[in-house]
Each structure stands twice: as C-alpha cells, then as structure tokens.
Amino acid sequence: MNINMNPNSELHQSIVNVPDLVQVPEVWVNQARQFQQAMMRYTCAIREVKTKLEVLNDELSVKNQRNPIEMIKSRVKKPVSIVEKLQRRGFEVSLESMEKNLDDVAGIRIICSFVDDIYEVADMLVRQDDVTVIMVKDYIKNPKPNGYRSYHMIIEIPVFFSDSKKPIRVEVQIRTIAMDFWASLDHQLKYKKSFIDDNGEISEELRKCANVIAETDQKMLEIRKRIEAQGVTVRRD
C-alpha cells in the first residue's frame, strides 16, 4: 500500500499574479513611479472587493443551494481614458486630481442570475463594516432614456500596504446576464449608430429591445419564485 505521508500533499498551489505595469502617459512621465504605484493601489482595491464577493457567493451557494453571482469582471481604467476624462471635465491632469475627481478608475462588474440577486448582493456588500458607500445610482428602477439598466455604486474600502492604510474608491456595477448582454451590444454599436441614426429609429429599436429584456428578466424571476414556492431549490451546477 502506497501511503503519501507528505503533509503538503493536501495543499493546493496557486500563482499570485502581480499587476502588469501600465504604460505611463506622457503628461505624467516625470511622475512615472508614482503613477505606477497609483495603478497598483487601484488593482489591489479591486482584488479586495472581488475577494469579498467571492466569499459571499461561496457562503450563499451552501446556505441557499444557489449561486447569486454568475460572473465577476474587473478593470483598471486605461491611462489614455483617465487623461481624456479629466480634460473633458475640466480638471487638472495630475495624480492628485485623478484620485480626487475620478471614482471609476477601479471598476468591478457583477453579473447576477436574477434581478433580486442584484439587490441582495449589493446589500450584503455594503453591510460590511469596512465598506463605505459614496454614491448609488439605480438604473434598474430608473432606466436611462436609451433603455440601459444596471445598479451602480461607488464604494470606498481601506487597503493595507506594507507601511500604510489607504482608502480607495471602486465603482461597482451589478446587472443580470440579460442586462449585460444588451449593454455589451449597445456599446459595440454606439459609435456606428451615431453616424446613421439621425432620425432616431435605431435608438428606438434598441430601447424597445431593452424593455423586452427587462420583461424577460421579470418573467424569469417570477418563474423561479413559483418553483421555490413548491419547495424545489433552483440551483446552478
């Protein structure tokens, strides 16, 4: 009988990914090291929030036998987009200005199965005592004129480094699979339709599609509740 007595045999190995060094915009070339450090801090803030969400999802998958979160996407805003947004809003292009005036440099998008999952996940996240809510915009209850739906939050969390603790803001968007499908396609068509949509017909068609998707989301939620009312747990394998 071959018995492995190695105490490390039960340990799972994982690779710690170091954030890539982003290209430094020319306007910040004299502050290259500071800019790279700022981007690193935003990346770490994203990692902190993602860990919180993954823990919540794991807990609920055991507690409720159902995962409310289908997917988590994240990004740190590209340097060229940071510069363009500061200039467009009339702010000084500097690291201090970026940290003070832009709340969406670090962004997380949470894709949920059902509409009520969105509010449940948002509520559980902001109940944590180290999460501070800066702003909430509910585009589900109050969709944008073009039909866009999503739940947006700006939160602030403390991130601990080797010699300091720094509060960092993260934009969190929470939406269903259907909402994300519509928003992704609308984004792909955004610039093309601006050239051919003078009479607004395409925009109106897209808005109608958004309404149909919202109705489908609601129907799927109703079906799930009917199934659960009969004592059957809806779960995702």
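What volume does the largest pocket have? The volume of the largest pocket is about 1,500 Å³. This is a predicted model, in which local features need pLDDT of at least 70 and side-chain atom pairs pLDDT 80 or more, while totals for chains, interfaces and linings use all residues. Residues are numbered from 1 along each chain as its sequence is written, and side-chain values use heavy atoms, without hydrogens and water.

**Largest pocket**
- Among the 41 lining residues, Arg 75, Lys 77, Arg 109, Glu 171 and Gln 173 are the closest to the pocket centre.
- A pocket here is an open set of points on a 1 Å grid where a 1.4 Å probe fits, with protein on both sides within 12 Å along at least five of seven lines; lining residues have an atom within 4 Å of a point.
- Helix 5 contributes the most to this lining, with 10 residues.
- The lining comprises 19 charged (Asp, Glu, Lys, Arg), 12 nonpolar and 10 polar residues.

**Aromatic pairs**
- Two aromatic pairs (ring centres within 6.5 Å) are found in the whole structure.
- Tyr 119 and Tyr 151 have ring centres 5.4 Å apart and planes at 75°, so they are edge-to-face (over 60 degrees).
- Tyr 119 lies in helix 4 and Tyr 151 in strand 4, 32 residues apart.

Terms used
Points joined across faces, edges and corners; volume = space filled by probe spheres on them. Helix = DSSP H or I, 4+ residues; strand = E, 2+ residues; numbered from the N terminus. Phe/Tyr/Trp six-rings, centres within 6.5 Å; stacked < 30°, edge-to-face > 60°.
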